[in-house]
Each structure stands twice: as C-alpha cells, then as structure tokens.
Amino acid sequence: MAPTDTADVVVVERRGAAAIVTLNRPEVRNALNHELRSGLYRALAEADGGDAAAIVLTGADPAFCAGLDLKALARDGLARTEADDADRSAPRSPLPPLDKPLIGAINGVAVTGGLELALTCDFLVGSERAAFADTHARVGVMPGWGLTVALPQAIGIRRARQMSFTGNYVDAAQALAWGLLNEVVDHDDLLDRAVAIAEDMSSIAPASLAGVRNAYLAAAAGHDRPALEAEAAYSARWATGFDPAAFAKAREGIQARGRSQQR
C-alpha cells in the first residue's frame, strides 16, 4: 500500500503485516502540536480498524518525538484534541483505544510527552540513536498521560524517580539494560525489525491476539487506575494555573540544556 498523508504531519504506510504510522514534523523533532496530536489519534484509530497484524509507531528522523511543542504551548496554551474529549472508561491517553499490538520503533530522542507516547506502546525496539528523558519537572508541566505509572513499571520506581527528578537523558544502551527497550538494532534496520515482529504476530488469529493484549490491560487496570486517576488530578490542577507567558520566558533555557545533554 502506498504511503498516505494525514494532514501532512502523520504518514501511514502498509509494509508487510505492519501499518507504520510516522510522526512527520522532523523540523521540530516531531513535537506534538494540536495538528499532530489530532492526526495521530485519527491515524491510529484507522490503522486499528484495518487488516494489519500490528501497528508500528515511529518518528521521521532525527527524532522519535520531542514532546509537546513548547513554542505552540507558550503561544496558544493548552488546546484540546479528540484524545482529550473522547468518552472512555480509562484515564486520559494520547491514543484511541486499540485492539492491535502497538510496537514503538524509537529512532531518536523520546522526551517528556514523547516519552509518554513511547510508553503507551506495548513494547519498544530502538536504534542506537534512541534516547529518553523525562523533563516534565524541569519544563514546569505535569505529566497527564500515565508516565508516573508506566515509567516505573518499565524500569523500576527508583530509576523512574531519577529520570523525572533530574531530566537527564538515558541512551539506548542504558535503556536496554534498564528494560525500557526490548532490543537495540542498527538504525537502518529499525523498521525492518519492527515489521519482522509484526510478521511473527500475523500467524496468530487477530481475535486471539487482541484478546491476550486486552487481558494484559485488564490485569493491570485494577492496580493502575487509582494511580492514573491521581496523576490526572495533579495534571488538571496544574493546568488551571498554567501561565503561557511565564512558560515562554523559560523555554529557551530548557531547550539549550537539552541540546547540551545530547552532545
């Protein structure tokens, strides 16, 4: 299937058994503005309704996702999308409810909201260029997509606290050792490897695959939901006092520190 554009900022391509969904704002490291968040939500919902065995989520090089678009956030404040307004039983997520497995193919940095986006995937495969950071506290925003639950589940509570309290980057080798990444492959082989995993899944009946995936979600729900609701409450409280002007003043220093960390 030929690639198709979704509002130009999300590209969807069928490759073998995988529907590949690519964040496509490379000039700003795929930062999440309103258009990209809305386009991603719609693209994933459409891919979930198709006949691919699995969905692969990646970013246009050089980054996976730099998180919320800080320039747009400073200028426009907190704009809502379909993800915010959807009627669902679970706490907030940047993604629609999915039945198909979602494989994260992490091709570069995944920062703050980009890290949260990666953590919504069922598991992650990374290239040697993958790197992760949680800069919520340093930026002055509250996580609202489940990071305080999903990150400690992936790497342990003490490592998660270290990432969140410092904002420091974790490279691909460290992420693999900590269990944040399942595998690390050569950058040029990343999508091929993600598609190969989807091909392995294609030999399983879709209903069975969806059933096992949803059983994993249900098994965690009883434990996760109170924590997710607590995070959502903190995030909502923060949002009521958000000051775009103050945030804009701090933005340049935040970005300069991020660039120095990646050298």
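**Entry 1: Asp192 and Arg15**

I began with Asp192, which forms a salt bridge with Arg15. In this predicted model, I found their closest N and O atoms 3.5 Å apart. I then looked up where the two partners sit: Asp192 belongs to helix H9 (residues 190-201) and Arg15 to strand E2 (residues 10-15). The pair is 177 residues apart, so I noted it as a link between distant parts of the chain. My next check was on accessibility. Asp192 has 47% relative accessibility, so I wrote it down as partly exposed. Arg15 is partly exposed too, with a relative accessible area of 28%.

A reminder to myself: side chains of opposite charge can pair when their charged atoms come close.

**Entry 2: Arg25 and Asp69**

Next I looked at Arg25 and Asp69, whose side chains meet in a salt bridge at 3.0 Å, N to O. Both partners are in loops. I placed Arg25 between strand E3 (18-23) and helix H1 (34-48), and Asp69 between strand E4 (54-59) and helix H2 (70-76). They are 44 residues apart, and the pair links distant parts of the chain.

Are these two buried or exposed? Arg25 has 11% relative accessibility, and the cut-off for buried is under 20%, so Arg25 counts as buried. Asp69 comes out at 11% as well, so I noted Asp69 as buried.

**Entry 3: Glu183 and Arg193**

Glu183 lies in strand E10 (residues 183-185), while Arg193 lies in H9, 10 residues apart from its partner. Glu183 is partly exposed at 26% relative accessibility. Arg193 is also partly exposed, with a relative accessible area of 29%.

How many salt bridges does the count come to? I get 5.

**Entry 4: Leu190**

While I was in helix H9, I looked up Leu190, which has its place there. Its relative accessible area is 3%, so I wrote down Leu190 as buried. Which residues does Leu190 touch, leaving out those up to four places away in sequence? I listed Ala105, Ile106, Asn107, Val125, Gly126, Ser127 and Val185. I also checked Leu190 against Thr58: they are 132 residues apart in sequence, and their C-alpha atoms are 9.6 Å apart in space.

**Entry 5: Tyr216**

For Tyr216 I turned to helix H10 (residues 206-240). Here the relative accessible area is 63%, so Tyr216 is exposed. I looked up Asp122 as well, 94 residues from Tyr216 along the chain, and found 9.8 Å between their C-alpha atoms.

**Entry 6: Helices H6 and H7**

Last, I looked at how two helices pack. Two packed helices are described by the angle between their axes and the distance between the axes. For H6 (residues 147-155) and H7 (residues 157-166), I noted an angle of about 125° and axes 7 Å apart. That angle makes H6 oblique to H7. The crossing of H6 past H7 is right-handed.

Which residues make the contact? From H6 I listed Leu147, Leu151, Pro152 and Ile155, and from H7 Ile157, Arg159, Ala160, Met163 and Ser164. I sorted the residues of this contact by type and got 7 nonpolar, 1 polar and 1 charged.

Note on methods
Residues are numbered from 1 along each chain as its sequence is written. This is a predicted model: local features need pLDDT of at least 70, side-chain atom pairs count only at pLDDT 80 or more; totals for chains, interfaces and linings use all residues. Side-chain values use heavy atoms; hydrogens and water are left out. Axes are lines fitted to C-alpha atoms, for helices over the stretch in contact, and angles run from 0 to 180 degrees between N-to-C directions. Helices (H or I, at least four residues) and strands (E, at least two) are DSSP runs, numbered from the N terminus. Angles under 35 degrees count as roughly parallel, over 145 as roughly antiparallel, 65 to 115 as roughly perpendicular and the rest as oblique. A crossing is left-handed if the near helix is turned anticlockwise from the far one by less than a right angle, and right-handed if clockwise. Contact means heavy atoms within 4.5 Å. Ala, Val, Leu, Ile, Met, Phe, Trp, Tyr, Cys and Pro count as nonpolar, Asp, Glu, Lys and Arg as charged, and the others, Gly among them, as polar. A salt bridge is a side-chain nitrogen of Lys or Arg within 4 Å of a carboxyl oxygen of Asp or Glu. Buried means under 20% relative accessible area, exposed over 50%, partly exposed in between (1.4 Å probe, protein chains only).
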